[in-house]
Amino acid sequence: MWRQTWAEIDLGRLRHNVAVVQAQVGKRVKILASVKANAYGHGVVEVSKALLSVGVHGLGVATIEEAVELRDAGIVAPILCYGALAPGVHEVVAERQIAVSVMNTEEIARLASAARVTGRGVDIHVKVDTGMGRLGVRGEMAFLQVMRAATSTDGVRLRGVYTHFSSADDPLDAQVDETRTQAQELSSLVARAREVGIDVPLVHAANSAAIFRDPQYHFDWVRPGIALYGYHPFSSGHQTVELLPVLSLYTRIVRVADMPPGATVSYGRTFVCEKPEQIATLPIGYADGLPRALSNAGRLDLGGHNVQIAGRVCMDQTMIVTTGLHAKLGDVVRIYGGQEHAHASLADAARQLGTIPYELLCAISSRVPRIYV
Ligand SMILES: *Cc1c(COP(=O)(O)O)cnc(C)c1O
C-alpha cells in the first residue's frame, strides 16, 4: 500500500457496540445488522464477518448487488434486502437465497415464478408504510391482501412483517410521539392479520434510535446500523450508552512549507497568511470523502493539537496550519475518530456541517484503504 491516507476500522469496538445493543434489547431479540452502503463506509465483508462471529442473526442491505457481494464472499447467514426490487432481479434473489421486502401482490407473483424457474423458494418480509412515506404497503385492506398472497403462494415463504420509523431520533420529550403512533399501527395490523387466521412469524421495526428509545419498539428483531458503528442516534439528550466510534481516518503530511505574510493557500486564495505561517499539505481531499464544505473550517488533530484547514479542500489534497508545531514529513494527522473526546470528532464535523455522521461515513470513498485492527 502506497497510499498515505487510510481508515482504521477497530473490530473490537464494533463487537463492543454489538454487545451494547444486545444488552439493550435482551437475549430474546435478534439483531439484523444494517450493513448497507459498504457497512456505512466501514467495508462490508470484513464488518459482516466480524458481526456474525459475535452472534448477530443476519444482515440488512439496501440493494441486491450488496446482497450478492456478501454471498460471493461466502456468507451464508440470512440477508434481508430493504429496498424495492429492480426489474429482472427475481431469479437471482431465489438462486442466492436473499430475503426481500415486498409491498404488493405483483411482486409476490414475480417471486413465485422465479421460484418455479430456479426450483428454490424465496423468503419475504412484508414491509408496511406506517408514516415514513417511503416504501411499504399502506392501509389495512391492502396489507391484508398482500398478507393473504404472501401466505398462500407456492414458492414464497412469509418470514416477517416490518416497518421503518421516521422520527425515532426526535427528542424524547417531543409533543407528538410519531414513533409510538407508528408502532401502534404496526401492532394493530399484525393483530388484525392474526385475527383473520394469517400466521405472522415475526415482527420488526427498530433502527438504532428506536432501540434506545423504548423497549416497546423491540418486537422480535431489531435492525441497528449507526449504533453498531459507534454513533449516538439521538439529536439531543439520552446519550448515556457507551458506544465507541469504530472508524478513524488518518493521513500523513507530504509537504511542509514556511510561508511569509501575504502568501496564499489553495484554489481561490481564500486563505491569506497574515504573519509567517507554517503550512502542511495532506494527501486527502473531497474525492476521498473529506467534505469541501470544511474549507477554512475543519479542525483536525496533529499529535494532540487542534489544527485548522487552510483554504479550500481540493479533490486530492488539503492544507493545514501547523505554525509552532514543528510538523515533519510523514507526521500522522487524524481527520476523524480515534480516542473519545479527540479533537477530530466525526460527530462534531457533522454538526458543524449541518449533517449527520451517516453522511460523512458513507462519503469516505473506495480510494481510501480500510485497515482492520
Ligand atoms: C438503514 C436502515 C436501518 C438502520 O438505521 P440506523 O438509523 O442506522 O440504525 C434500519 N432499517 C432500515 C429499513 C434501514 O433502511
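**Entry 1: terms and model**

Helices (H or I, at least four residues) and strands (E, at least two) are DSSP runs, numbered from the N terminus. I am looking at a predicted model, in which local features need pLDDT of at least 70 and side-chain atom pairs count only at pLDDT 80 or more, while totals for chains, interfaces and linings use all residues. Residues are numbered from 1 along each chain as its sequence is written, and side-chain values use heavy atoms, with hydrogens and water left out.

**Entry 2: the whole protein**

I looked up the secondary structure and found 11 helices and 19 strands. The C-alpha trace spans about 80 × 50 × 35 Å along its principal axes. Of the 373 residues in the protein, 53% are buried, where buried means under 20% relative accessible area, exposed over 50%, and partly exposed in between (1.4 Å probe, protein chains only). Accessible areas come from the Shrake-Rupley method with a 1.4 Å probe; for residues, only the protein chains shown count as cover.

I then turned to contacts, meaning heavy atoms within 4.5 Å. Among those between residues at least 6 apart in sequence, 67% join residues at least 24 apart.

**Entry 3: domains**

The protein is divided into domain 1 (11-228) and domain 2 (247-372); such bounds come from an automatic or database domain assignment. Their C-alpha centres lie 38 Å apart. The contact takes 10 residues from domain 1 and 10 residues from domain 2.

**Entry 4: the ligand**

The ligand is surrounded by 13 residues, and the closest are K36, Y40, S208, I226 and Y358. This shell divides into 5 nonpolar, 5 polar and 3 charged residues. Here Ala, Val, Leu, Ile, Met, Phe, Trp, Tyr, Cys and Pro count as nonpolar, Asp, Glu, Lys and Arg as charged, and the others, Gly among them, as polar.

Next I checked polar contacts, which are pairs of N or O atoms within 3.5 Å; within protein, one must be able to donate a hydrogen and the other to accept it, and residues adjacent in sequence count only if both atoms are side-chain atoms. A side-chain N or O atom of R223 is 2.9 Å from a nitrogen atom of the ligand. For Y40, a side-chain N or O atom is 2.5 Å from a ligand oxygen. Y358 has a polar side-chain atom 2.6 Å from an oxygen atom of the ligand. On its own the ligand has 390 Å² of accessible area, and the protein covers 93% of this.

**Entry 5: two histidines**

H218 sits in the loop between α9 (208-213) and β9 (221-222). H218 counts as buried because its relative accessibility is 4%. A polar atom of the H218 side chain lies 2.9 Å from the backbone oxygen of I211. Leaving aside neighbours within four places in sequence, H218 is in contact with Q24, V25, V29, A210 and I211.

H42 is in the loop between α2 (36-40) and α3 (44-53). With a relative accessible area of 0%, H42 is buried. Beyond four places in sequence, the contacts of H42 include Y229, R370 and Y372.

**Entry 6: a methionine**

M147 is in helix α7 (residues 140-152). I noted M147 as buried because its relative accessibility is 0%. Beyond four places in sequence, M147 is in contact with V126, L158, V161, A193, I198 and V200. M147 and D199 are 52 residues apart in sequence, yet 9.2 Å apart in space, C-alpha to C-alpha.

Note on methods
A residue is near a molecule or strand if one of its heavy atoms lies within 4 Å of it.
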